[in-house]
Amino acid sequence: MWTKEEVHAAVDEQRTFFRTGETLDVNWRIDKLIRLKIGIQTHQKMLEQALAQDLGRAEAEAYFCDIGSVIMEINETIAGLKKWARPQTHFSGLLCFPSVITKVYAMPYGVTLIIAPFNFPFMLSLGVLTAAIAGGNTAVIKASSKSKVCTAALQKLIADTFSSNYVTVIDGPHEVADYCLAEHFDKIFYTGSPKVGKRVMSEASKNLTPVALELGGETGNWCVIRKDADLKDAAHKIAFFKALNSGQVCININQIAVAQEVADAFVEELSRAFVRQLGDCPENNPEYPCLINERAYDNCADEAEKYRDRIVFGGHGNRDKRKYCPTIIYPVTADEDIVLHELFNPLLPIVTYRDDDIDAMMDTIASREHGLSLYVFTRDMAWAKKTMMSQQYGGGCINEVCLHLMVKGVPFNGTGHSGMGAYHGKWGFREFTHPSTVLIGSTKFNLPLREHPYAGAQNEIKLAIIKLLQR
(Lines give C-alpha, C1' and ligand atoms only; values in the text may rest on other atoms or scores of the structure.)
Protein backbone atom coordinates (compact mmCIF):
# COMPACT_ATOMS: atom_id res chain seq x y z
CA MET A 1 0.00 0.00 0.00
CA TRP A 2 1.20 3.49 -0.82
CA THR A 3 2.28 5.56 2.16
CA LYS A 4 1.58 9.24 2.67
CA GLU A 5 5.25 9.99 2.03
CA GLU A 6 5.27 8.04 -1.23
CA VAL A 7 2.20 9.89 -2.49
CA HIS A 8 3.81 13.22 -1.61
CA ALA A 9 7.02 12.23 -3.39
CA ALA A 10 5.06 11.24 -6.53
CA VAL A 11 3.32 14.62 -6.62
CA ASP A 12 6.60 16.48 -6.02
CA GLU A 13 8.28 14.54 -8.82
CA GLN A 14 5.51 15.51 -11.24
CA ARG A 15 5.59 19.16 -10.18
CA THR A 16 9.31 19.31 -10.83
CA PHE A 17 8.79 17.83 -14.29
CA PHE A 18 5.88 20.14 -15.13
CA ARG A 19 8.03 23.17 -14.35
CA THR A 20 10.50 22.15 -17.04
CA GLY A 21 7.89 23.31 -19.58
CA GLU A 22 8.07 20.16 -21.73
CA THR A 23 4.31 19.60 -21.60
CA LEU A 24 3.59 23.03 -23.13
CA ASP A 25 4.52 21.97 -26.65
CA VAL A 26 1.41 20.79 -28.53
CA ASN A 27 3.34 18.40 -30.78
CA TRP A 28 4.85 16.83 -27.67
CA ARG A 29 1.34 16.27 -26.27
CA ILE A 30 0.17 14.71 -29.54
CA ASP A 31 3.13 12.33 -29.41
CA LYS A 32 2.11 11.28 -25.90
CA LEU A 33 -1.49 10.71 -27.03
CA ILE A 34 -0.22 8.50 -29.86
CA ARG A 35 1.86 6.57 -27.33
CA LEU A 36 -1.18 6.14 -25.10
CA LYS A 37 -3.21 4.78 -28.02
CA ILE A 38 -0.43 2.35 -28.99
CA GLY A 39 -0.12 1.31 -25.34
CA ILE A 40 -3.82 0.49 -25.14
CA GLN A 41 -3.71 -1.49 -28.38
CA THR A 42 -0.57 -3.35 -27.28
CA HIS A 43 -2.11 -4.27 -23.92
CA GLN A 44 -5.63 -4.88 -25.25
CA LYS A 45 -5.80 -8.58 -24.37
CA MET A 46 -4.60 -7.86 -20.85
CA LEU A 47 -7.27 -5.20 -20.43
CA GLU A 48 -10.01 -7.50 -21.76
CA GLN A 49 -8.97 -10.29 -19.40
CA ALA A 50 -8.94 -7.89 -16.46
CA LEU A 51 -12.47 -6.68 -17.26
CA ALA A 52 -13.63 -10.29 -17.51
CA GLN A 53 -12.18 -11.14 -14.10
CA ASP A 54 -13.39 -8.08 -12.21
CA LEU A 55 -16.74 -7.44 -13.90
CA GLY A 56 -17.54 -10.53 -15.98
CA ARG A 57 -17.44 -8.53 -19.19
CA ALA A 58 -17.67 -10.30 -22.53
CA GLU A 59 -15.03 -9.32 -25.10
CA ALA A 60 -17.43 -7.24 -27.20
CA GLU A 61 -18.79 -5.35 -24.18
CA ALA A 62 -15.26 -4.77 -22.88
CA TYR A 63 -14.24 -3.19 -26.16
CA PHE A 64 -17.47 -1.24 -26.70
CA CYS A 65 -17.62 0.27 -23.23
CA ASP A 66 -13.99 0.73 -22.21
CA ILE A 67 -11.24 0.05 -24.72
CA GLY A 68 -12.78 1.20 -27.99
CA SER A 69 -14.35 4.24 -26.33
CA VAL A 70 -10.95 5.45 -25.13
CA ILE A 71 -9.34 4.89 -28.54
CA MET A 72 -12.16 6.91 -30.14
CA GLU A 73 -11.59 9.67 -27.57
CA ILE A 74 -7.84 9.74 -28.27
CA ASN A 75 -8.40 9.86 -32.04
CA GLU A 76 -10.78 12.80 -31.70
CA THR A 77 -8.33 14.63 -29.45
CA ILE A 78 -5.34 14.07 -31.72
CA ALA A 79 -7.33 15.36 -34.70
CA GLY A 80 -8.51 18.52 -32.98
CA LEU A 81 -5.77 19.43 -30.51
CA LYS A 82 -3.77 21.89 -32.64
CA LYS A 83 -6.92 23.87 -33.39
CA TRP A 84 -8.13 23.81 -29.78
CA ALA A 85 -4.76 24.88 -28.40
CA ARG A 86 -4.21 27.72 -30.87
CA PRO A 87 -4.13 31.09 -29.05
CA GLN A 88 -7.15 33.27 -29.74
CA THR A 89 -6.47 36.75 -31.08
CA HIS A 90 -8.73 39.63 -30.06
CA PHE A 91 -8.90 43.34 -30.91
CA SER A 92 -8.20 45.13 -27.65
CA GLY A 93 -10.51 48.04 -28.49
CA LEU A 94 -9.79 51.73 -29.05
CA LEU A 95 -9.72 52.35 -25.30
CA CYS A 96 -6.47 50.35 -25.21
CA PHE A 97 -4.95 52.10 -28.27
CA PRO A 98 -2.24 51.72 -29.45
CA SER A 99 -2.06 48.28 -27.77
CA VAL A 100 -4.76 46.78 -29.98
CA ILE A 101 -3.75 43.08 -29.95
CA THR A 102 -4.76 40.73 -27.13
CA LYS A 103 -4.11 36.99 -26.97
CA VAL A 104 -5.98 34.37 -24.96
CA TYR A 105 -3.83 31.33 -24.21
CA ALA A 106 -5.23 27.95 -23.08
CA MET A 107 -2.86 27.16 -20.23
CA PRO A 108 -2.49 23.84 -18.43
CA TYR A 109 -3.36 23.71 -14.74
CA GLY A 110 -0.26 21.70 -13.85
CA VAL A 111 -0.27 18.55 -11.72
CA THR A 112 -3.69 16.89 -11.83
CA LEU A 113 -5.40 14.17 -9.82
CA ILE A 114 -7.80 11.75 -11.55
CA ILE A 115 -9.88 9.61 -9.19
CA ALA A 116 -11.42 6.78 -11.20
CA PRO A 117 -14.23 4.34 -10.23
CA PHE A 118 -14.47 0.58 -10.62
CA ASN A 119 -17.36 0.30 -13.05
CA PHE A 120 -15.53 1.49 -16.18
CA PRO A 121 -11.97 1.31 -14.92
CA PHE A 122 -10.28 2.16 -18.23
CA MET A 123 -12.73 4.53 -19.92
CA LEU A 124 -13.09 6.65 -16.78
CA SER A 125 -9.36 6.79 -16.11
CA LEU A 126 -7.71 6.79 -19.55
CA GLY A 127 -10.51 8.85 -21.09
CA VAL A 128 -9.95 11.56 -18.50
CA LEU A 129 -6.18 11.15 -18.85
CA THR A 130 -6.58 11.90 -22.57
CA ALA A 131 -8.05 15.29 -21.70
CA ALA A 132 -5.35 15.95 -19.09
CA ILE A 133 -2.57 15.17 -21.58
CA ALA A 134 -4.25 17.30 -24.25
CA GLY A 135 -4.31 20.22 -21.83
CA GLY A 136 -0.58 19.92 -21.14
CA ASN A 137 -0.82 18.57 -17.59
CA THR A 138 0.82 15.76 -15.69
CA ALA A 139 -1.47 13.25 -13.98
CA VAL A 140 -1.72 11.08 -10.90
CA ILE A 141 -4.46 8.46 -11.34
CA LYS A 142 -5.99 7.06 -8.16
CA ALA A 143 -7.51 3.80 -9.39
CA SER A 144 -10.26 1.89 -7.61
CA SER A 145 -9.39 -0.68 -4.96
CA LYS A 146 -12.54 -2.65 -5.88
CA SER A 147 -11.51 -3.60 -9.43
CA LYS A 148 -8.13 -4.98 -8.39
CA VAL A 149 -7.21 -6.85 -11.55
CA CYS A 150 -8.10 -3.84 -13.72
CA THR A 151 -6.09 -1.55 -11.47
CA ALA A 152 -3.05 -3.81 -11.80
CA ALA A 153 -3.49 -3.84 -15.58
CA LEU A 154 -3.81 -0.06 -15.64
CA GLN A 155 -0.61 0.29 -13.62
CA LYS A 156 1.30 -1.93 -16.05
CA LEU A 157 -0.08 -0.12 -19.10
CA ILE A 158 0.89 3.31 -17.74
CA ALA A 159 4.29 2.17 -16.45
CA ASP A 160 5.10 0.65 -19.84
CA THR A 161 4.02 3.82 -21.65
CA PHE A 162 5.05 6.84 -19.55
CA SER A 163 7.61 7.83 -16.94
CA SER A 164 6.21 8.22 -13.42
CA ASN A 165 7.14 11.91 -13.31
CA TYR A 166 4.56 12.45 -16.08
CA VAL A 167 1.77 9.90 -15.41
CA THR A 168 1.53 7.43 -12.55
CA VAL A 169 -1.17 5.14 -11.15
CA ILE A 170 -1.72 4.87 -7.41
CA ASP A 171 -3.68 1.97 -5.95
CA GLY A 172 -4.89 1.19 -2.46
CA PRO A 173 -7.92 1.63 -0.18
CA HIS A 174 -9.70 4.78 0.99
CA GLU A 175 -6.77 5.89 3.17
CA VAL A 176 -4.60 6.23 0.07
CA ALA A 177 -7.28 8.34 -1.61
CA ASP A 178 -7.20 10.55 1.48
CA TYR A 179 -3.42 10.90 1.13
CA CYS A 180 -3.98 12.08 -2.43
CA LEU A 181 -6.66 14.57 -1.45
CA ALA A 182 -4.37 15.99 1.23
CA GLU A 183 -1.83 16.96 -1.46
CA HIS A 184 -1.92 20.30 -3.26
CA PHE A 185 -2.96 19.41 -6.80
CA ASP A 186 -3.73 22.02 -9.45
CA LYS A 187 -6.87 20.26 -10.71
CA ILE A 188 -8.93 17.31 -9.47
CA PHE A 189 -11.26 15.22 -11.61
CA TYR A 190 -13.44 12.77 -9.66
CA THR A 191 -15.94 10.22 -10.98
CA GLY A 192 -18.13 8.43 -8.45
CA SER A 193 -20.89 8.98 -5.90
CA PRO A 194 -22.31 12.32 -4.72
CA LYS A 195 -21.37 11.42 -1.14
CA VAL A 196 -17.68 11.09 -1.94
CA GLY A 197 -17.93 14.02 -4.38
CA LYS A 198 -18.80 16.26 -1.42
CA ARG A 199 -15.70 15.08 0.41
CA VAL A 200 -13.53 15.70 -2.66
CA MET A 201 -14.86 19.26 -2.89
CA SER A 202 -14.32 19.81 0.82
CA GLU A 203 -10.69 18.68 0.68
CA ALA A 204 -10.02 20.57 -2.55
CA SER A 205 -11.35 23.78 -1.00
CA LYS A 206 -8.49 23.78 1.50
CA ASN A 207 -6.11 24.54 -1.35
CA LEU A 208 -8.70 26.31 -3.54
CA THR A 209 -8.13 23.56 -6.11
CA PRO A 210 -10.64 23.57 -9.01
CA VAL A 211 -12.59 20.34 -9.36
CA ALA A 212 -14.66 18.53 -11.95
CA LEU A 213 -17.18 15.99 -10.68
CA GLU A 214 -18.99 13.32 -12.67
CA LEU A 215 -21.55 11.80 -10.32
CA GLY A 216 -24.42 9.37 -10.66
CA GLY A 217 -27.12 11.55 -9.14
CA GLU A 218 -28.52 11.26 -5.62
CA THR A 219 -31.94 9.96 -6.68
CA GLY A 220 -30.91 8.29 -9.91
CA ASN A 221 -31.72 8.74 -13.58
CA TRP A 222 -35.33 8.62 -14.79
CA CYS A 223 -36.78 7.11 -17.94
CA VAL A 224 -40.26 8.33 -18.89
CA ILE A 225 -42.52 6.32 -21.20
CA ARG A 226 -45.66 7.99 -22.57
CA LYS A 227 -48.69 5.98 -23.67
CA ASP A 228 -47.96 6.70 -27.33
CA ALA A 229 -44.42 5.26 -27.18
CA ASP A 230 -43.26 2.30 -29.25
CA LEU A 231 -43.23 -0.15 -26.34
CA LYS A 232 -41.35 -2.95 -28.07
CA ASP A 233 -38.60 -0.59 -29.20
CA ALA A 234 -38.34 0.97 -25.74
CA ALA A 235 -38.24 -2.42 -24.02
CA HIS A 236 -35.54 -3.73 -26.37
CA LYS A 237 -33.26 -0.75 -25.71
CA ILE A 238 -33.90 -0.57 -21.98
CA ALA A 239 -33.28 -4.30 -21.47
CA PHE A 240 -29.89 -4.03 -23.18
CA PHE A 241 -28.96 -0.92 -21.19
CA LYS A 242 -30.06 -2.23 -17.77
CA ALA A 243 -28.12 -5.47 -18.28
CA LEU A 244 -25.01 -3.53 -19.36
CA ASN A 245 -22.35 -3.96 -16.68
CA SER A 246 -25.11 -5.44 -14.50
CA GLY A 247 -26.59 -1.98 -13.96
CA GLN A 248 -23.34 -0.51 -12.64
CA VAL A 249 -23.41 2.48 -14.99
CA CYS A 250 -23.58 6.10 -13.85
CA ILE A 251 -25.94 7.06 -16.70
CA ASN A 252 -28.10 3.92 -16.44
CA ILE A 253 -31.84 4.00 -15.82
CA ASN A 254 -32.57 3.93 -12.11
CA GLN A 255 -36.36 3.87 -12.36
CA ILE A 256 -38.99 4.06 -15.11
CA ALA A 257 -42.14 6.17 -15.06
CA VAL A 258 -44.68 4.49 -17.36
CA ALA A 259 -48.12 5.73 -18.32
CA GLN A 260 -50.52 3.40 -16.49
CA GLU A 261 -52.56 3.00 -19.67
CA VAL A 262 -49.71 0.93 -21.17
CA ALA A 263 -47.83 -0.17 -18.04
CA ASP A 264 -48.88 -3.84 -18.10
CA ALA A 265 -48.09 -4.15 -21.79
CA PHE A 266 -44.70 -2.49 -21.32
CA VAL A 267 -43.73 -4.77 -18.43
CA GLU A 268 -44.57 -7.78 -20.60
CA GLU A 269 -42.46 -6.43 -23.46
CA LEU A 270 -39.55 -5.68 -21.12
CA SER A 271 -39.68 -9.17 -19.60
CA ARG A 272 -39.64 -10.71 -23.06
CA ALA A 273 -36.73 -8.48 -24.08
CA PHE A 274 -34.65 -9.62 -21.10
CA VAL A 275 -35.34 -13.28 -21.93
CA ARG A 276 -34.63 -12.76 -25.62
CA GLN A 277 -31.26 -11.15 -24.90
CA LEU A 278 -30.08 -13.09 -21.83
CA GLY A 279 -32.20 -16.25 -21.56
CA ASP A 280 -34.42 -17.46 -18.72
CA CYS A 281 -31.55 -17.49 -16.21
CA PRO A 282 -29.26 -14.56 -16.96
CA GLU A 283 -27.07 -15.44 -13.98
CA ASN A 284 -26.00 -18.54 -15.92
CA ASN A 285 -25.28 -16.61 -19.10
CA PRO A 286 -21.51 -16.10 -19.51
CA GLU A 287 -22.14 -12.83 -21.37
CA TYR A 288 -24.07 -11.29 -18.48
CA PRO A 289 -21.68 -9.20 -16.32
CA CYS A 290 -21.34 -9.58 -12.57
CA LEU A 291 -21.54 -7.19 -9.65
CA ILE A 292 -18.18 -5.93 -8.43
CA ASN A 293 -18.06 -7.84 -5.12
CA GLU A 294 -20.09 -9.88 -2.65
CA ARG A 295 -21.15 -6.79 -0.72
CA ALA A 296 -22.68 -5.28 -3.85
CA TYR A 297 -24.47 -8.57 -4.56
CA ASP A 298 -25.82 -8.80 -1.02
CA ASN A 299 -27.05 -5.19 -1.08
CA CYS A 300 -28.85 -5.89 -4.35
CA ALA A 301 -30.40 -9.15 -3.13
CA ASP A 302 -31.44 -7.64 0.21
CA GLU A 303 -33.17 -4.70 -1.45
CA ALA A 304 -34.98 -7.03 -3.84
CA GLU A 305 -36.29 -9.04 -0.87
CA LYS A 306 -38.01 -5.94 0.52
CA TYR A 307 -40.15 -5.91 -2.63
CA ARG A 308 -40.48 -9.68 -3.12
CA ASP A 309 -44.27 -9.49 -3.45
CA ARG A 310 -43.97 -7.08 -6.39
CA ILE A 311 -41.20 -8.74 -8.36
CA VAL A 312 -42.69 -9.64 -11.74
CA PHE A 313 -39.46 -10.67 -13.44
CA GLY A 314 -36.14 -11.90 -12.05
CA GLY A 315 -35.59 -11.77 -8.31
CA HIS A 316 -32.91 -14.47 -8.21
CA GLY A 317 -29.19 -14.82 -8.68
CA ASN A 318 -25.95 -16.68 -7.98
CA ARG A 319 -23.84 -15.24 -5.17
CA ASP A 320 -20.80 -17.32 -6.05
CA LYS A 321 -20.80 -15.78 -9.52
CA ARG A 322 -21.88 -12.36 -8.14
CA LYS A 323 -24.64 -12.29 -10.76
CA TYR A 324 -28.14 -11.11 -9.94
CA CYS A 325 -30.82 -11.31 -12.61
CA PRO A 326 -32.30 -8.11 -14.05
CA THR A 327 -35.30 -7.64 -11.80
CA ILE A 328 -38.51 -5.74 -12.55
CA ILE A 329 -40.36 -4.45 -9.48
CA TYR A 330 -43.91 -3.39 -10.37
CA PRO A 331 -45.75 -1.31 -9.41
CA VAL A 332 -44.09 1.11 -7.00
CA THR A 333 -44.93 4.69 -6.11
CA ALA A 334 -42.65 7.64 -6.70
CA ASP A 335 -42.10 8.10 -2.96
CA GLU A 336 -40.96 4.60 -2.03
CA ASP A 337 -37.42 4.13 -0.75
CA ILE A 338 -36.20 2.17 -3.79
CA VAL A 339 -36.98 5.18 -6.00
CA LEU A 340 -35.30 7.72 -3.71
CA HIS A 341 -31.69 6.61 -4.06
CA GLU A 342 -29.25 5.50 -6.74
CA LEU A 343 -29.38 1.71 -7.15
CA PHE A 344 -26.26 0.89 -9.24
CA ASN A 345 -27.46 -2.68 -9.77
CA PRO A 346 -29.90 -4.58 -12.05
CA LEU A 347 -33.04 -3.77 -10.02
CA LEU A 348 -35.60 -1.77 -12.01
CA PRO A 349 -38.61 -0.26 -10.21
CA ILE A 350 -41.60 0.75 -12.37
CA VAL A 351 -43.60 3.83 -11.32
CA THR A 352 -46.98 4.42 -12.96
CA TYR A 353 -48.81 7.68 -13.68
CA ARG A 354 -51.84 8.71 -15.75
CA ASP A 355 -50.70 10.03 -19.09
CA ASP A 356 -52.93 13.09 -18.67
CA ASP A 357 -50.95 13.82 -15.49
CA ILE A 358 -47.56 13.85 -17.22
CA ASP A 359 -46.91 17.43 -16.08
CA ALA A 360 -47.29 16.37 -12.45
CA MET A 361 -44.96 13.43 -13.05
CA MET A 362 -42.32 15.71 -14.57
CA ASP A 363 -42.72 18.12 -11.65
CA THR A 364 -42.01 15.23 -9.27
CA ILE A 365 -38.86 14.36 -11.20
CA ALA A 366 -37.79 18.02 -11.27
CA SER A 367 -38.22 18.28 -7.50
CA ARG A 368 -35.62 15.55 -6.92
CA GLU A 369 -31.85 15.96 -7.18
CA HIS A 370 -30.72 16.42 -10.78
CA GLY A 371 -29.85 13.17 -12.54
CA LEU A 372 -26.86 12.57 -14.75
CA SER A 373 -29.21 11.41 -17.51
CA LEU A 374 -32.84 11.63 -18.59
CA TYR A 375 -34.55 9.40 -21.15
CA VAL A 376 -38.00 9.82 -22.69
CA PHE A 377 -39.91 7.55 -25.08
CA THR A 378 -42.78 9.06 -27.03
CA ARG A 379 -44.00 9.83 -30.55
CA ASP A 380 -44.82 13.39 -29.48
CA MET A 381 -41.54 15.04 -30.49
CA ALA A 382 -42.76 18.54 -29.63
CA TRP A 383 -43.40 17.45 -26.03
CA ALA A 384 -40.14 15.51 -25.89
CA LYS A 385 -38.01 18.42 -27.09
CA LYS A 386 -39.76 20.86 -24.77
CA THR A 387 -39.20 18.48 -21.87
CA MET A 388 -35.52 17.98 -22.62
CA MET A 389 -35.06 21.76 -22.81
CA SER A 390 -36.86 22.46 -19.51
CA GLN A 391 -35.70 19.71 -17.13
CA GLN A 392 -32.35 19.82 -15.33
CA TYR A 393 -30.01 16.87 -15.90
CA GLY A 394 -26.60 16.11 -17.41
CA GLY A 395 -27.50 14.63 -20.81
CA GLY A 396 -29.96 12.22 -22.30
CA CYS A 397 -31.90 10.78 -25.22
CA ILE A 398 -35.29 10.85 -26.89
CA ASN A 399 -36.43 7.33 -27.93
CA GLU A 400 -32.92 6.01 -27.22
CA VAL A 401 -30.64 5.22 -24.30
CA CYS A 402 -26.98 5.84 -23.45
CA LEU A 403 -25.74 6.66 -26.97
CA HIS A 404 -25.38 10.38 -26.24
CA LEU A 405 -22.19 9.31 -24.46
CA MET A 406 -20.71 8.18 -27.78
CA VAL A 407 -21.31 11.33 -29.84
CA LYS A 408 -18.14 13.14 -30.88
CA GLY A 409 -17.77 16.86 -30.29
CA VAL A 410 -20.35 17.14 -27.50
CA PRO A 411 -19.82 17.39 -23.73
CA PHE A 412 -20.47 14.73 -21.12
CA ASN A 413 -21.41 16.36 -17.85
CA GLY A 414 -23.71 16.52 -14.86
CA THR A 415 -25.34 19.28 -12.88
CA GLY A 416 -26.06 19.69 -9.19
CA HIS A 417 -25.86 16.33 -7.45
CA SER A 418 -24.86 14.68 -10.72
CA GLY A 419 -21.73 16.77 -11.02
CA MET A 420 -19.99 19.82 -12.44
CA GLY A 421 -17.58 20.36 -15.30
CA ALA A 422 -17.58 18.57 -18.66
CA TYR A 423 -15.28 16.51 -20.83
CA HIS A 424 -14.89 14.49 -24.05
CA GLY A 425 -13.07 15.97 -27.03
CA LYS A 426 -12.63 19.74 -26.96
CA TRP A 427 -14.73 19.93 -23.80
CA GLY A 428 -12.12 17.82 -22.00
CA PHE A 429 -9.37 20.08 -23.32
CA ARG A 430 -11.27 23.08 -21.93
CA GLU A 431 -11.78 21.31 -18.59
CA PHE A 432 -8.05 20.75 -18.18
CA THR A 433 -6.93 24.23 -19.26
CA HIS A 434 -7.64 27.72 -18.02
CA PRO A 435 -7.77 30.82 -20.27
CA SER A 436 -5.06 33.43 -19.72
CA THR A 437 -5.57 36.85 -21.31
CA VAL A 438 -2.43 38.72 -22.40
CA LEU A 439 -2.51 42.20 -23.94
CA ILE A 440 0.49 42.96 -26.14
CA GLY A 441 1.53 46.53 -25.40
CA SER A 442 2.89 49.13 -27.81
CA THR A 443 5.75 51.50 -27.00
CA LYS A 444 4.71 54.10 -29.56
CA PHE A 445 1.77 56.51 -30.02
CA ASN A 446 0.53 56.08 -26.46
CA LEU A 447 -2.31 58.42 -25.51
CA PRO A 448 -2.27 60.31 -22.17
CA LEU A 449 -5.75 59.11 -21.18
CA ARG A 450 -4.33 56.94 -18.38
CA GLU A 451 -2.04 59.61 -16.98
CA HIS A 452 -2.34 62.37 -14.43
CA PRO A 453 -3.21 65.20 -14.25
CA TYR A 454 -6.98 64.98 -14.64
CA ALA A 455 -7.60 68.52 -13.48
CA GLY A 456 -9.04 71.49 -15.34
CA ALA A 457 -9.65 71.48 -19.08
CA GLN A 458 -7.60 68.30 -19.54
CA ASN A 459 -10.04 66.49 -17.26
CA GLU A 460 -12.99 67.46 -19.42
CA ILE A 461 -11.25 66.40 -22.62
CA LYS A 462 -9.95 63.09 -21.21
CA LEU A 463 -13.29 62.25 -19.60
CA ALA A 464 -15.17 62.98 -22.82
CA ILE A 465 -12.85 60.71 -24.81
CA ILE A 466 -13.06 57.92 -22.23
CA LYS A 467 -16.86 58.08 -22.22
CA LEU A 468 -16.85 57.97 -26.01
CA LEU A 469 -14.58 54.90 -26.12
CA GLN A 470 -16.43 53.04 -23.33
CA ARG A 471 -19.83 53.14 -24.99
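Predicted model: local features only at pLDDT ≥ 70, side-chain atom pairs only at ≥ 80, totals over all residues.
Let's start with a pairing. Strand E10, residues 311-313, is joined to strand E13 by two bridges, and the two run antiparallel.

Strand E13 covers residues 327-332. On its pairing with strand E14, residues 347-353, there are four bridges, and here the strands run parallel. Thr-327 stands opposite Leu-347 in E14. How many of the six residues of E13 are buried? Five of the six, so the strand is largely enclosed by the rest of the structure.

Next, an open sheet. Three strands form it, in the order E1-E2-E20, with antiparallel pairing. Which strands stand at the edges? Strand E1, 88-91, and strand E20, 433-440. Each has a single partner strand, so one side of each is left without a neighbour in the sheet. Neighbouring strands of this sheet are turned by 30 degrees against each other on average, direction ignored. Now zoom in on E1 and E2. Strand E2 spans residues 101-108, and four bridges join E1 to it, antiparallel. Take Gln-88: its bridge partner in E2 is Val-104.

Now the helices. I have two pairs.

Pair one is H3, residues 44-55, with H6, residues 148-161. Their axes come within 7 Å and cross at roughly 160 degrees. An angle over 145 degrees counts as roughly antiparallel. H3 and H6 are therefore roughly antiparallel to each other. The crossing of H3 and H6 is left-handed. From H3, the contact takes Met-46, Leu-47, Ala-50, Leu-51, Gln-53 and Asp-54. From H6, it takes Lys-148, Val-149, Cys-150, Ala-153, Lys-156 and Leu-157. By class, the H3 and H6 contact has eight nonpolar, one polar and three charged residues.

Pair two is H2, residues 26-42, with H5, residues 123-134. These helices pack at an angle of about 160 degrees, with their axes 9 Å apart. That makes H2 roughly antiparallel to H5. Which hand does the crossing of H2 and H5 have? It is right-handed. On the H2 side we have Arg-29, Lys-32, Leu-33, Leu-36 and Ile-40. They meet Leu-126, Leu-129, Thr-130, Ile-133 and Ala-134 in H5. The contact of H2 with H5 divides into seven nonpolar, one polar and two charged residues.

Last part: two single residues.

Val-262 is found in the loop between strand E9, 253-259, and helix H10, 263-278. Is Val-262 buried or exposed? Buried, with a relative accessible area of 13%; the cut-off for buried is under 20%. Leaving aside neighbours within four places in sequence, Val-262 is in contact with Arg-226, Lys-227 and Leu-231.

Ala-384 has its place in helix H13, residues 381-390. Ala-384 is buried too, with a relative accessible area of 0%. Which residues does Ala-384 contact, leaving aside neighbours within four places in sequence? Val-376, Thr-378 and Ile-398. The C-alpha atoms of Ala-384 and Asn-399 are separated by 9.2 Å, and these residues lie 15 apart along the chain.

That's the tour. Thanks.

Definitions and conventions: Residues numbered from 1 in each chain as written. Heavy atoms only, no water. Pairing = 2+ DSSP bridges. Axes fitted to C-alpha atoms, helices over the stretch in contact; angles between N-to-C directions. Parallel < 35°, antiparallel > 145°, perpendicular 65-115°, else oblique. Left-handed = near helix turned anticlockwise from the far one by under 90°. Contact = heavy atoms within 4.5 Å. Nonpolar A, V, L, I, M, F, W, Y, C, P; charged D, E, K, R; others polar. Buried < 20%, exposed > 50% of the residue type's maximum accessible area, 1.4 Å probe, protein only.
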